[in-house]
Amino acid sequence: MVSLIVDGERPQRIREAWGHADSVTVMTTESGDFALQRWRVRGDVAFVETGRSVVALALGSPSPVPMSLQGTASTIWHTINGLRDSAEIAVAVADAYDTEVAVVQTEVIAFLQQLEEVGLIERHRG
Amino acid sequence: MTTFPLDQAAAVALGCGLVSYVAEEASVRSLLIKGHALAEQGLRDPRRYADVDVWIAPESVTPFVESLRARGWHERGPNWVLDRVGSHSITLVNDSWPCDIDVHLRFPGFLAPDEDVFDELWRRRTTIVVGGRTVTTTDRAGNAAVLALHSMRQERNDGRDDEFEHLVGLLSEDDELVSDMLDLAAVTGANETLAPLFARLGATTRPGYRPSARALREWAARRAHMSRTGRWLSYFRSLSIRSWPREFIVAAWPSADLFLQDHPEVPHTKAALFRGRVRRLVNGGSGMIRIAFANVRAAKRRRTR
């Protein structure tokens, strides 16, 4: 089960898309909480585009090793712009692949958490 | 996310970001040179770069290298040649990366004291974006001087001749940049070493640092031949004559262990080692002849002035 925090000001499309997904719990909170869910690339990250993939490096890591983001991973990376939260990123990815949000949402959330764990992205108050 | 054979171009771009970050974290003054810096400033066409070149403030080289060591970068191993003839840079490698990091302590051709040269290039610093990060480099005049000295480091090198000609073409249309380079050359002891460039541009050098005759001789020897022969000659000049025979034997025909330190690519067979050492000897001899001719030419030039 994946939990999302979505406030009342979110676009209706996102609410419907996430609300219909069996694996997702949609919660309504204050907008301040919602802002915490926005994702951005950390300031201590270097990255380059190589064809259709992205190679990123968490500079703050004790032993920085470049990581390759290919396919969907690369698409998700490109949607992280500091303004979108998990739900909006899932919608953007679904749009990119012309599919339903429900199809990609679990992978998107898991991947965002993975990127956070390896020090490539962070949550912020927009 | 996957681990993968890292593309060299990507590695170099990320490496530029890495050295810049490590320097900032360690409060070390660093300047990215060559490679991306030249391309970003329009001094050379973009290309695939083999390594990351970073120039570190002389007082901070040790802490900077230590910071990279802590992140898995290390020197290739002992090298008896570099121990003797010295090097203007420390090459660091990392088993997970397909590119080296060259940490420059100085740059051949800037003959003023290392601190003065770095301070001048640092004073002129600016920033470029590489690998999604803002990194510090010197200004166009500084990088143009680096490129000119790099391309003139060896008298006969077709690739570098092309670079030199490209730079001459670019500078001949930019008087302001040439003027800036003249100021830089005066401060950094590069009036004489950049003289061929300034002569092509019809530019007159400005009063400034005057390098020693020995420093100029070493520069001329370095340019005369692409081997390390010129640096070996400087090394022998620094020794007492009494130690010449012993060092000459080591230099001319090193033991297999020493030879392999400097040429790890040579197969470890007796025949290959013999052939490798003969090639090295012939190359060194050829270098001696070239340097002798270069010295004669330089003496003639001095007489005709």
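Student: Which domains does the domain assignment of chain B give?

Tutor: This is a predicted model, where local features need pLDDT of at least 70, side-chain atom pairs count only at pLDDT 80 or more, and totals for chains, interfaces and linings use all residues. Residues are numbered from 1 along each chain as its sequence is written, chains are lettered from A in the order in which they are written, and side-chain values use heavy atoms, with hydrogens and water left out. The bounds come from an automatic or database domain assignment. For chain B that gives domain 1 (8-201) and domain 2 (215-304).

Student: How many residues does the contact take from domain 1 and from domain 2 of chain B?

Tutor: Going by C-alpha atoms, the centres of domain 1 and domain 2 of chain B are 25 Å apart. Contact here means heavy atoms within 4.5 Å. On that basis, domain 1 of chain B gives 22 residues and domain 2 of chain B gives 22 residues.

Student: What area is buried between domain 1 and domain 2 of chain B?

Tutor: Buried area is the accessible area (1.4 Å probe) that two parts lose on being put together, summed over both. Carbon and sulfur atoms give 58% of it between these two domains of chain B. The total is about 2100 Å².

Student: Which helix gives the largest share of the side of domain 1 that touches domain 2 in chain B?

Tutor: Helices are DSSP runs (H or I, at least four residues), numbered from the N terminus. The share in question is 5 residues. They come from helix 4 (residues 80-85) of chain B.

Student: Is helix 11 of chain B mostly covered or mostly open, and how many of its residues are buried?

Tutor: Buried means under 20% relative accessible area (1.4 Å probe, protein chains only). Among the buried residues of helix 11 are B:Trp232, B:Tyr235 and B:Phe236. Helix 11 (residues 229-238) of chain B is mostly covered, with the buried count at 7 of its 10 residues.

Student: Now for the other chain: what area do chain B and chain A bury between them?

Tutor: In this interface, 16 residues of chain B are in contact with 25 residues of chain A. Carbon and sulfur atoms carry 71% of the buried area. The total is about 1700 Å².

Definitions and conventions. Helices (H or I, at least four residues) and strands (E, at least two) are DSSP runs, numbered from the N terminus. Buried means under 20% relative accessible area, exposed over 50%, partly exposed in between (1.4 Å probe, protein chains only).
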